[in-house]
Amino acid sequence: MVFEKDLNLDATELRLGLPGSSEESIRISNKRALPDMNDDSGVAAAKKCDQETAPPTKAQVVGWPPIRSYRKNSLQTKKTEAETGGMYVKVSMDGAPYLRKIDLKVYKGYPELFKAMEDMFKFKVGKYSEREGYNGSEFVPTYEDKDGDWMLVGDVPWEMFINACKRLRIVRGSEARGLGCVV
Amino acid sequence: MPRRLASSLSDEVLEHVFSFIQSDKDRNVVSAVCKSWYEIERWCRRKIFVGNCYAVSPKMVIRRFPQVRSIELKGKPHFADFNLVPDGWGGYVLPWITEMAGAYPWLDEIRLKRMVVTDESLELIAKSFKDFKVLVLASCEGFSTDGLAAIAASCKNLRELDLRESEVDDSSVHWLSHFPETYTSTVSLNISCLGSGEVSFSALERLVSRCPNLRSLKLNRAVPLDKTANILRLAPQLVEFSTCTYSAELRSDVFSNLAGAFSNCKELRSLSGFWDVVPDYLPAIYSVCSRLTSLNLSYATIQSPDLIKLVSHCPSLQRLLVLDYIEDSGLEALASNCKDLQELRVFPSDPFDAEPNASLTEQGLVAVSLGCPKLQSVLYFCRRMSNAALVTIAQNRPNLTRFRLCIIEPNTADYLTGEPFDVGFGAIVEHCKDLIRLSLSGLLTDCVFEYIGKYAKKLEMLSVAFAGDSDLGLHHVLSGCESLRKLEIRDCPFGDKALLTNAAKLETMRSLWMSSCSVSFEACKLLSQKMPRLNVEVIDERGPPDSRPENYTVDKLYIYRSVAGPRFDMPPFVWTKDEDLALRLSP
């Protein structure tokens, strides 16, 4: 049997209403979810509406992504094992479609940290001078400190840095101008 | 020649011929030829597969097939794996064991998947079947090490005990020690799901050393490295092995002991486990890598460079399970090294983080599809995809039979064009004519379902989430997919119309699952009335669906065909059209 695109479902449908009466069918237009679904999907629906403004925290949808409990439990225990005792921060680079997490405690100082970042993201950190910031490189390492400000990496002593650093971001050199740094 | 003699001779001949027919499908066809073939066949059928334990009752099975030796049963629907089926829904094996205990004293194989298995059931198995050989409990729950002890103590000829991914309660019984010292028949032992307290190393070592036929051994996480080496030395004939915890720092004595143990294992073809593995120890397995056909690294948090090194030692690999740490570069290495690859599964290391933490994109999958001509089965979690990539994959690999793609964020569009993935998945179903399993994800409109209905004629199982625009989508699938057996849908705007229009189709399928869709309780009742051989279960923990407004949509719906009628063990949150409270499971 071949079905046309404009399927005449009304004529063949089974309904509880009397013949001739028509019920308000639930409007489904561009949205992918219905407003009267239960909470789990409601969260997902709200997220879809807000796709322009990225939601600050991602609420978990039950059973999504489809990963078996067995595997989830395995990953969870690993995460908690890994994250206690380390100072994990996220590292991202402009233009790269992925993030990394590194443990700042593992590195003894800036040179080691830079080497690790260079290896991870395949770039070169330029030469740092107090006056000019980083020279000779397209990319500049920056970090977000406890106050939420973005600073140039290397501006403060190492110990102070690892305690203040919340996350790392490797930005394009052009965007690094005017970043807060110790003069 | 008297007719009677002729017919009895031909019965024996037929039975002999039938003994060469193993597949269920063929056996079913044979039994439908004529009454006498039906009779002969039913007396000599030895293996039964019941894909849904509620589709038929144990009594009915026993009545038709009186001499069964091997049974396989499946319980909960697949989405139970993702916590979508509430606890207590059902899938109890005890009624089956109780009936079979009396009817099949020679039953020697029981394989269960997603069922609730109690210690009482295990004790009954241990007591009732004299020559019991094979027990496989896949993704089961409800039992403890007490039940395992009963099996170990009584089943003298047990060959296979496989508890893959089951949940086992620790009752602190050293169940392994219950295998008597005279017991030597283990061929396969999979206890990878057990916790650390549940296995005694000395009992394990004694067991392994006295079982010369041991071919497959999958230990649990807590067995340390030095014990691993000991066990391998006791069983160099192993074909499949699951490794255990790797210790934190590299110790050269432990390393060389382990490497030596592995190098003795000339038959080893499959490795798994690798929990907490430290990359420095990986070279210990290099001696077996060239012969490995199956590698499961999906619990190993090793990074791409180490994964690439490992994979480049394994040219015979047919099956690889791995985390997204392998990255596109690792998959490119896989594509150039492993030309025999048939199955690839890539799991997410950090599924709940909004941002990706590994450089794994659609490029990796494209590379494998190009480089591995035998690739048939794919399960791939990623965060971005394009229609162009999907079309390329479809064109490169028309021999795909299983394609499951999970783009982690629901409703993600093609990252290059912003379009839905209708065209991409359309290409998959159009080119891959033998596709039997498909899972969709990403932004999708009704169009993709039109393609699926049109092209996916061999598709048996379809999984859909956060997709489609209207009932038309569901209608395309139900009316077009001729081979469809299992359909599972969540969070899609599919409702009453498509379901009721295609009511008859549902009886040709094993089951339909719909959750967070737009089906009303009225439609469920109507469907149930129209189709007496369907069990229509509304799973709703919020209270009686009857007490809600008429256009209220049900939370979860599970529809399956059954010749056994409504089941007797429904919990309070499962609603059917029957008002009969006697059918409810009493608390």
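Okay, let's start with a pair of residues: Asp81(B) and Arg114(B) are both buried. Before I go on, keep in mind that what you're looking at is a predicted model.

So what do the side chains of Asp81(B) and Arg114(B) form? They meet in a salt bridge, at 3.0 Å from N to O.

Next up, Arg485(B) and Glu460(B). Their side chains form a salt bridge too, with 3.1 Å from N to O. Here's where they are: Arg485(B) is in the loop between α18 (471–480) and β19 (486–490) of chain B, and Glu460(B) is in the loop between α17 (446–455) and β18 (461–465) of chain B, so the pair ties together parts that are 25 residues apart in sequence. Buried or partly exposed? Arg485(B) counts as partly exposed because its relative accessibility is 30%. Glu460(B) is partly exposed as well, at a relative accessible area of 21%.

Salt bridges with shared partners join Asp81(B) and Arg114(B) with Arg68(A) and Glu165(B).

One more pair: Arg45(B) and Glu41(B) form a salt bridge, and their closest N and O atoms are 2.8 Å apart. Both Arg45(B) and Glu41(B) are buried. And how many salt bridges are there over all chains? The count comes to 35.

Asp87(B), Glu167(B), Asp169(B), Asp170(B) and Glu541(B) form a negative surface patch. Take Asp170(B) from that group: you'll find it in the loop between β7 (168–169) and β8 (188–190) of chain B. Asp170(B) is partly exposed, since its relative accessible area is 40%.

Last, a quick look at chain A. Chain A has 6 helices and 7 strands. Reading from the N terminus, the order of elements is α-α-α-β-β-α-β-β-β-β-α-β-α. The chain has 183 residues, and 38% of them count as buried. Its accessible surface is about 11,500 Å², with 53% of that belonging to carbon and sulfur atoms. And if you take the contacts in chain A between residues at least 6 apart in sequence, 46% of them join residues at least 24 apart.

Conventions:
Residues are numbered from 1 along each chain as its sequence is written. Chains are lettered from A and ligands numbered from 1 in the order in which they are written. This is a predicted model: local features need pLDDT of at least 70, side-chain atom pairs count only at pLDDT 80 or more; totals for chains, interfaces and linings use all residues. Side-chain values use heavy atoms; hydrogens and water are left out. Patches are made of residues with over 30% relative accessible area and no salt bridge: like charges are joined within 9 Å, nonpolar side chains (Val, Leu, Ile, Met, Phe, Trp, Tyr) within 5 Å. Accessible areas come from the Shrake-Rupley method with a 1.4 Å probe; for residues, only the protein chains shown count as cover. A salt bridge is a side-chain nitrogen of Lys or Arg within 4 Å of a carboxyl oxygen of Asp or Glu. Lys and Arg count as positive and Asp and Glu as negative; His and the chain ends are not counted. The place of a charge is taken as NZ of Lys, CZ of Arg, CG of Asp or CD of Glu. Helices (H or I, at least four residues) and strands (E, at least two) are DSSP runs, numbered from the N terminus. Buried means under 20% relative accessible area, exposed over 50%, partly exposed in between (1.4 Å probe, protein chains only). Contact means heavy atoms within 4.5 Å.
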